Amino acid sequence: MNKIAFFDFDGTITWRDSFLDFLKFSVGWLGLLKGMTVLLPYIVLYALKIMPNYKLKTRAIRYFYGGWDFKTFEAIAADYSRCQLPKLLKTSAMQRLNWHKSQGHQVVIVSASLRYYLRPWCGLHGVDLIATEIETKDGIITGQLAAKNCYGPEKVRRIRDKYNLDDSCYIYAYGDTRGDREMLQMANEGYYRHFKT
């Protein structure tokens, strides 16, 4: 039987949000503070469940990265992946991920975070990736998402687009928020907030 394990990333494999951490890494504390001040009305709307998460993320990407040279952005993302991302990992989550690999299971990270700093990490650990992508035009970041934010039902849609999950496939899924609910429901074994350390 083919077995495949889908892992959310932020809060599941990591102990804090990697997107916010990447913002701090790429623009500095002062840049982050200034941006959060500008974006505060939208953050409040999101907290009140008036604004969906993809609209807040789009506004954040437009504010922080709109107009950036994409190659510069990719280089910073690779630096973050190498230098900072390993500090965020939960030991128990990594043990489980490595257990799946040792059993010969396919392992896939399915994340709403940006693929540009997750891709090098996934390559290092030998796992597949489905994640949010940003739009570029002529090598410049436009400030828009290239496709829907990889969250909630979109996670399942992208999984089914990429993998043949027939009746002979046994599915594990790991998540920690509302955005993982549909992915957990599609699994034979779904684990919610399973990793503590």
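Predicted model: local features only at pLDDT ≥ 70, side-chain atom pairs only at ≥ 80, totals over all residues.

**Entry 1: a loop residue to start**

I began with Lys49, which is exposed at a relative accessible area of 76%. My cut-offs: buried is under 20% relative accessible area, exposed is over 50%, and partly exposed is in between, with a 1.4 Å probe and protein chains only. Lys49 sits in the loop between α1 and α2. Lys49 is not a glycine, yet its phi is positive, about 65°.

I then looked at Asp138, in the loop between β4 (134-137) and β5. Phi is positive here too, near 55°, in a residue other than glycine. Asp138 counts as exposed, at 76% relative accessibility.

**Entry 2: ground rules**

Residues are numbered from 1 along each chain as its sequence is written, and side-chain values use heavy atoms, with hydrogens and water left out.

**Entry 3: the whole chain**

I looked up the secondary structure and got seven helices and seven strands. Helices (H or I, at least four residues) and strands (E, at least two) are DSSP runs, numbered from the N terminus. Along the sequence the order reads β-α-α-α-α-β-α-β-β-β-α-β-α-β. The radius of gyration is 17 Å, close to the 16 Å from the globule rule for 197 residues, so the chain is as compact as a globular protein of that length. That radius is taken over C-alpha atoms, and the rule is 2.2 Å times the number of residues to the power 0.38.

The C-alpha atoms fill a box of roughly 50 × 35 × 35 Å along the principal axes. Of the 197 residues, 46% are buried. I also checked contacts (heavy atoms within 4.5 Å). Among those with a separation of 6 or more, 65% join residues 24 or more positions apart. The chain exposes about 10,100 Å², and carbon and sulfur atoms supply 55% of that. Those areas come from the Shrake-Rupley method with a 1.4 Å probe; for residues, only the protein chains shown count as cover.

**Entry 4: pockets**

How big is the largest pocket? Its volume is about 680 Å³. A pocket is an open set of points on a 1 Å grid over the protein atoms alone, with protein on both sides within 12 Å along at least five of seven lines; a cavity is a set where a 1.4 Å probe fits but cannot get out, and lining residues have an atom within 4 Å of a point. Points are joined across faces, edges and corners, and a volume is the space filled by probe spheres set on them.

I counted 27 lining residues for the largest pocket, with Asp17, Phe19, Tyr46, Asn53 and Lys57 nearest its centre. Two or more of the lining residues come from each of α1 (18-47), α2 (53-65) and β2 (106-114). α1 gives the most, seven residues. By class the lining splits into eleven nonpolar, seven polar and nine charged. Here Ala, Val, Leu, Ile, Met, Phe, Trp, Tyr, Cys and Pro are nonpolar, Asp, Glu, Lys and Arg are charged, and the others, Gly among them, are polar.

The second largest pocket comes to about 220 Å³. Its lining includes Tyr46, Asn53, Lys148, Glu154 and Arg178. I get four nonpolar, two polar and three charged residues there.

**Entry 5: the cavity**

How many cavities of 30 Å³ or more are there? I found one. The largest cavity has a volume of about 40 Å³. Among its lining residues are Gly11, Lys90, Asp176, Arg193 and His194. Three are nonpolar, four polar and three charged.

Is Asp21 buried or exposed? Asp21 is buried, at 5% relative accessible area. Asp21 is in helix α1, and beyond four places in sequence it touches Arg16, Tyr80, Gln84 and Leu88.

Ala147, in the loop between β5 (140-145) and α6 (153-162), is partly exposed at 40%. Leaving aside neighbours within four places, Ala147 contacts Glu133 and Arg158.

Last one: Gln185 lies in helix α7 (residues 181-185) and is exposed, at 59%. Its C-alpha is 9.6 Å from that of Val156, 29 residues apart along the chain.
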